[in-house]
Amino acid sequence: TQNDFIHEYLIYRDLFLDIILESENLANGGLCESCQGEEGLLRCLTCSGDHSWCHACILTAHQSLPFHKIQQWNGKCFCDTSLTQLGYIWHLGHGGQPCPCSQGSSEWEDIDETTDKHGEGTGVHTTTDSLPTTTSLTIIHSTGVFTHNILWCHCPGSPKQYLQLLKAGLFPASISRPRTAFTFNVLDNFLIDALECKTSASSFFQKLCRLTNNAFPDSVPDRYRELMRVSRQWRDLMNRKRFGFGHDSLVKPGPGNLALFCAACPQPGINMPFHWQDNWLIMQRYVVDGNFTAQHMNMRQPHLDVSLSDGLGYMVTEAEYQAHLSSAVESKDKSSCSNHRAVNAANTNRSNLRATGVGATACARHGCFVPHAVVDFQKGERHMNVDYSICNAINGHSHGIDTTLIIYDVGCQWCIHFAERVANCPGLSLPEQSQVLAAVGKFHLSAHKLPCFARFSLNFIQGAGQVDGEILETLWASFNKISPTARSMSKCHRQEILDDHMRDSNWKKLVGLVKTLLKKHQRAIKGIRDTKLPFDELTSALDKQKIAEWENDEKKAMEERGECLDIYQLKIDQAPTMAEIRLRLTEAENAETGRLGTVSWIIQGINLEDAQDGLRSDIRQLPSDATAAQKVALQEKRQKLSARITKFHETADAMTEGIELEAGIVHADDPRFCKADDEEQDWEIHPVNLEDDSELVDDEIPAEDMGLWMPSSVPHDQVFSVHLSALQAEELELRKGQANDCLERIRLALGHKAVIYRQHFRSANSVWTGTRSKQEARRCHIKIEKYVRSYQRARLAMERLGMDQDSLENIYQEILPEQLNIDKEVTEENRFGQGSDKLAWFWRVNGAKKSQKDAWMNEFYRVNWLKAKAR
């Protein structure tokens, strides 16, 4: 492990330190290793190994190594010096050798140094005796900032100075009088740093300053502005070279030509075979999303901005885009679905921003940005912006592909008038016979209204595949790191930066595409195995005639879509409630038992069980240092409950017609579902002492522990009275209603708790807000455990009342604590994660082997079969 290596290092730490200190001494006994005659007081930190040179030998050894760092021994230690201070001259034009036309001594002295219009020295020095002049040039390399004396080539017909620098691997900061240059190496390093580490130009140059002089970085010449300018030029040149526009200067790049796209997505004429229409079913799948972090401030002088690649990468051509915006008309319609921020914030404006964000289109399966399809937002995420991006994407990479799937988080609203907007706007167009299908990403779909689920779910679009439609959200995470830097750049510079990061994102997708596709293929094979067998088993267990009807409905829905897709929605809201069962039993109770009021009496007993449970919960929540008032209030509850139980038992004598009654059932709460009540103490070990047990009813048993006699108190196989058997039949029906009600309340409470965690915990901006949210979540969990305990009592009663084991194992199953987690529990059908469908069983109440003759169960089977087939 890592700790083992650290422990091993501690043993050798002192030895390592001794060797490092020894390297700070003179090497080779202080003699020059080359001539062996002079003192070797100079060393190079960049060269590997220990070396020592004299003044002349170190210049000879570093004739082609101008960016090595030199130190000189001063008698006590090594101090920094430079090749320039030692008299090094960099000869250009002849492989580092002096120019034949520059004869004479190379020694020179400063006579005059002129000043340019910016107040900076030109660096031109005049030598004595009219000898050739040298130029002081500041050169930025990946190891620091260097100053060198440059001797240009003066041969007849020699290139100009800026060309001589380029041939030497140095990029000049200016053309007419270059006095600063950047090595190709440092420019490549900066671009990689910016792409991989999101390093700004300022931070990168500060790093170079510290590498040059860590003690006094301010003494290093400031070339930050030059780095900003030259890096743009270098990026532009490298892109044109890599995309094949350097060999033929007559061929100019067009829109999106300096951009990579997805190699796996279908592109006729590029990665599709000839006559693919005869054998292939192809759909182009795009995901669209906006990023409001990628803002851009207004420029003071936008007319002075110069573009190097307008529209050649991923951002759209600015002039054409602005022409489209000026001719397009945006609708002011409010969202008819949920209160989506993207739609309802479309007309918001910020006066200090030129762009409030960006909108992009990417391939839905692999997450590659589509070239020439990224737009700026001006007043929020308006349809006119998104339409332009989508149309550019479809026109650019979908030639011959008639069907395009657009996945958009507000696709339900965007698609309503899309065709109309395209027809009425001259800046928008689509290929002929193009069909556009709209869908909503699986995560965002859970926030939509329920009707949107079936109509815009990716699960019910033939050819969509297993995609979540949220892949752009993952790409924005890295872009958010560069947004603060790009926010204050010029418009064209920002466009180039965004293009470069999108190009790099696509490149990384491209180089990892084989591994990604292999993983997805393995996942798809496993998914088929996991879903096909359950679907086949479900199909074989259902009515063949019903399945034939459902298949016809599915075929019609796939062809016509729209409201026809509502077949994937349940048409019956919920299972019968206890109130509905009570009404039905009350209407028939006289015929069944010959006595009125039995249903009300049984319901009263169920309510008393709930009251006892509530009292036990109050006792568990009572603090160990409870006040006298709290204890008195609890005793009053006990006395009232005890009186109600006594009255209930008196009524029981009349309801049972003289049947000898045994002791009632005493319910013990399951400790697994009492943790929220007893968050701070173990109630079983530290019960609260109420100090006045002498006043309890029956002198011995407190009200919360008194047994209640119900028809279920007698096991079903021990019932020999016809009247008692009728009472048990009534209680069994009521217990079913009680269980159904509890399951419904558990679902609602879990959904409420999920909302609390999602909306309040994540957005809490203060300790007070977070504490209130935590208290609300705890109260919600107390309710959940209360409903679970009530369900357990109902299930125990149904078991004693003779419910068949099949129903207990499949319809009314046992609830486990781990099934009450909120991370995957959703109250509506448009939940995220239906592709695997691993929700707890109680989200599918009554969903097992009950007869299809029941209308609710038939509807349940219908929807589940359709969803199983879609998976």
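What follows is a series of stops, each with something to select and a note on what is there.

**The whole chain**

Keep in mind that this is a predicted model. Start with everything in cartoon view: the protein has 24 helices and 16 strands. Color by burial and you'll find that 46% of the 871 residues count as buried. Now think about contacts between residues at least 6 apart in sequence: 70% of them join residues at least 24 apart.

**The largest nonpolar core**

Select Ile-390, Trp-414 and Tyr-568. Within the largest nonpolar core, which has 52 residues, these three touch the most other members. Helix α9, residues 383–397, supplies the largest share of this core, with 7 residues.

Zoom in on Trp-414. What does Trp-414 touch, leaving aside residues up to four places away in sequence? The list runs to His-383, Val-386, Asp-387, Ile-390, Ile-406, Tyr-408, Arg-421, Val-436 and Ala-438.

There is also a second, separate core of 31 residues; to locate it, select Ala-294, Phe-369, Ile-497 and Leu-498, which are included in it. As background, nonpolar side chains tend to be buried together in soluble globular proteins.

**The cavities**

A search of the whole structure turns up 8 cavities of 30 Å³ or more, and the largest cavity has a volume of about 90 Å³. To see its lining, select Arg-232, Arg-235, Asp-236, Asn-239, Leu-258, Leu-308, Ser-309, Glu-496, Asp-499 and Arg-503. Two elements, α6 (224–242) and α15 (491–511), each give two or more residues to that lining. Which element gives the most to the lining? That's α6, with 4 residues. Color the lining by class and you get 6 charged, 2 polar and 2 nonpolar residues.

**Two loops with positive phi**

Select Lys-198, in the loop between α4 (184–196) and α5 (201–212). Lys-198 is not a glycine, yet it has a positive phi of about 60°.

Then jump to Gln-433, in the loop between α11 (418–424) and β16 (435–439). Here too phi is positive, near 60°, in a residue other than glycine. Is Gln-433 buried or exposed? Gln-433 is exposed, since its relative accessible area is 70%, and the cut-off for exposed is over 50%.

Pro-702 counts as buried because its relative accessible area is 13%, and buried means under 20%.

**A buried glutamate**

For the last stop, select Glu-731 in helix α21, residues 722–761. With 0% relative accessibility, Glu-731 is buried. Show what surrounds it: leaving out residues up to four places away in sequence, Glu-731 touches Ile-602, Met-710, Pro-711, Ser-712, Ala-797 and Leu-801.

Note on methods
Residues are numbered from 1 along each chain as its sequence is written. This is a predicted model: local features need pLDDT of at least 70, side-chain atom pairs count only at pLDDT 80 or more; totals for chains, interfaces and linings use all residues. Side-chain values use heavy atoms; hydrogens and water are left out. On a 1 Å grid over the protein atoms alone, a cavity is a set of points where a 1.4 Å probe fits but cannot get out, and a pocket is an open set with protein on both sides within 12 Å along at least five of seven lines; lining residues have an atom within 4 Å of a point. Grid points are joined across faces, edges and corners, and a volume is the space filled by probe spheres set on the points. Ala, Val, Leu, Ile, Met, Phe, Trp, Tyr, Cys and Pro count as nonpolar, Asp, Glu, Lys and Arg as charged, and the others, Gly among them, as polar. A nonpolar core is a set of buried Ala, Val, Leu, Ile, Met, Phe, Trp, Tyr and Cys residues joined through side-chain atoms within 4.5 Å. Buried means under 20% relative accessible area, exposed over 50%, partly exposed in between (1.4 Å probe, protein chains only). Contact means heavy atoms within 4.5 Å.
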